[in-house]
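Subject: Structure for you to look at, with notes

Dear colleague,

Here is the structure I promised to hand over, and below it you will find my notes on what turned up when I went through it. Please read them with the structure open beside you.

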Amino acid sequence: MGLAGGAADKAGNRYEDWWTALRVAELLRGRATRIRLEPPGPAGAGIEFELEADDGTWCEQVKDVPSKGPWTLNAAGKILEAVAGHLAGGKKVRLVLSTGAPELHDLSKRARGAETLAEFEGMITKAQIPQFVQVLENWSDNGMPVDREVGWRYLQAVHVEHIPPEALRRLVVSEYELLFVGDPEVIVRQLSGYLDEHLHQRLTGSQIRSHLLTVPGVRPRLLAGDIGTLTALAGTVDRFVRRVRRDKPAFGMAARPHVEQLYERLVAEDGPQVVVCEGSAGLGKSAVVTDVLVRLTEQGWPAAAVRMDGADASVQTAKDLGTKMTLPDSPAVLLAGVADEAPALLVIDQLDAVSTYNGRMSDAYEAVEDVLAQLVVAPNVKVLLVARTIDIDMTGGCPTWSPTAPGQSGSLSASWTWNRCGVCCPPAGRIPTAWGRSRWSCCGLRCTCRSSAVCRPPHGPLPTGPCRSCTRVTPMNGARRSSDRSPRWTGAVSRARCAPP
């Protein structure tokens, strides 16, 4: 875990601690078998720890050096040289960098996307050909440079993660809130100390769990199948359904195709985790959502539902929202726990009641953001947000959300932003699958609408590489005119063309 030094060194150590804690969570969940910090000799060359996971052995290096900015191939060269032995042994290497390494990330991703060396060399751009040659110079075999075939296979095994410190901290907090009852910050500090005392040793998940449960106030969050928690969650659904159906006309409502469309969207294996149902006031959004909610609960999905028009200024965290729902904890934590990686659903209706449009009470908006941040590490829990179209159009009325979980290749800068025309380019290979037009990652090209604004990430470097896959969100039920009075679902993605200024 590193020795203490100056302020920058301490910040780097904290970053390393958080990433190590995130990977230890894989042990605690049974997705990995053993971890070994700072292995001695060649086994530890160029890495912080080795993790034996279900998908192979990972050798991981973690760096938080904000002053360097994004890592160039020159800067990353020493790391690549140091881990050559691990790559030669058939292990995977993960570089976790707070400022990213866009050139190396793109090369390695393209390498994994190719089935042969020839295919890889056909995929890379002219500018990347000398970059590939530069990467090869870091690897040798018995004093001789590796050939292009071997270098390509090494590159396939190099994974680059870009996660800013605060985004990483929030991921770890969310992960440990799902695993234990207790202060996540305290748990991670105790974990760090325990790992420091057991450097060079191979540790299992059961050993680490046993130690953490000796910490005062910490106990396992044993929610899977818990009857009391399931009953409490079902109570929120019953109250929600009663209120909506109480306002239903006595003569009933005409059948709508939107129920089936929304249902199919939520149960699709490749569908987004978060879906937004929007429409003008009084169009029956809640009725449609209720029909879908009842259908899924009848199929065995654990679920919870809340209307934000009942929230007040005291509701500012996920736990506060749970209290308002008469739950013992955050609805995200409870749903993820009882579902135990099976599908579950959280409905948040009347989201416009906590938007900033028309001066409404927006303090409780933070509680929704908190809930969604917790669910980043629980993709099995689907979220259905219901709001008026005008609030989404006027305020970008959906909370910040990071759409990619750790362990997947790609930038985790969470620098999602948007412009009024909704035309942007995601970084290489990234397509927004939630939130519609809200908080996209953009290429910096000028909008194709009348706005002169340029869509850019609020911090960090612009995504590199050519603009290949621009996207525009459209309603699930097809094109929608301003006079169309039916609900629509954002999250469906169709192609659009980015035009330069």
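At what angle do helix H11 and H15 pack, and how far apart are their axes? Helix H11 (residues 227-246) and H15 pack at an angle of about 130°, and their axes are 10 Å apart, where axes are lines fitted to C-alpha atoms, for helices over the stretch in contact, and angles run from 0 to 180 degrees between N-to-C directions. That makes H11 oblique to H15, since angles under 35 degrees count as roughly parallel, over 145 as roughly antiparallel, 65 to 115 as roughly perpendicular and the rest as oblique. The contact (heavy atoms within 4.5 Å) is made by Thr229, Leu230 and Leu233 on the H11 side and by Leu334, Leu335 and Val338 on the H15 side.

Before going further, please keep in mind that this is a predicted model, in which local features need pLDDT of at least 70 and side-chain atom pairs count only at pLDDT 80 or more, while totals for chains, interfaces and linings use all residues. Residues are numbered from 1 along each chain as its sequence is written, and side-chain values use heavy atoms, with hydrogens and water left out.

The chain as a whole

The protein chain has 17 helices and 18 strands; helices (H or I, at least four residues) and strands (E, at least two) are DSSP runs, numbered from the N terminus. Of the 501 residues in the protein chain, 50% are buried, and here buried means under 20% relative accessible area, exposed over 50% and partly exposed in between, with a 1.4 Å probe and protein chains only. Among the contacts in the protein chain with a separation of 6 or more, 72% are between residues 24 or more positions apart.

The nonpolar cores

A nonpolar core is a set of buried Ala, Val, Leu, Ile, Met, Phe, Trp, Tyr and Cys residues joined through side-chain atoms within 4.5 Å. The largest one holds 76 residues, and the members that touch the most others are Ile35, Tyr176, Ile208 and Met308. Helix H1 (residues 7-28) gives the largest share of this core, with 9 residues. A second, separate core has 32 residues, including Ile47, Leu80, Ile124 and Leu155. Returning to Tyr176, its contacts beyond four places in sequence are Ala21, Val24, Ala25, Leu28, Pro184, Ile187 and Leu191.

Ser108 is also worth a look: Ser108 lies in helix H4 (residues 102-113) and counts as buried at 0% relative accessibility. Leaving out residues up to four places away in sequence, Ser108 touches Leu155, Val158 and Val160.

Salt bridges

How many salt bridges does a search of the whole structure find? The search finds 20, a salt bridge being a side-chain nitrogen of Lys or Arg within 4 Å of a carboxyl oxygen of Asp or Glu. One of them joins the side chains of Glu161 and Arg94 (3.4 Å, N to O); Glu161 lies in strand E7 (residues 158-162) and Arg94 in strand E4 (residues 92-97), so the pair ties together parts that are 67 residues apart in sequence. Glu161 is buried, at 0% relative accessible area, and Arg94 is buried as well, at 2%. Arg23, Glu60, Arg94 and Glu161 are linked in a network of salt bridges.

Another salt bridge brings together the side chains of Arg295 and Glu260 (2.8 Å, N to O); Arg295 belongs to helix H13 (residues 285-298) and Glu260 to helix H12 (residues 258-267), so this pair ties together parts 35 residues apart in sequence. Arg295 counts as partly exposed at 28% relative accessibility, and Glu260 is partly exposed at 35%.

Two backbone angles

Most residues other than glycine have a negative phi. Glu38, however, has a positive phi of about 45° although it is not a glycine, and Glu38 lies in the loop between strand E1 (32-37) and strand E2 (49-53). Thr326 likewise has a positive phi, near 60°, and sits in the loop between helix H14 (318-324) and helix H15 (331-339). Glu38 is partly exposed, at 28% relative accessibility, whereas Thr326 is exposed, at 56%.

With best wishes
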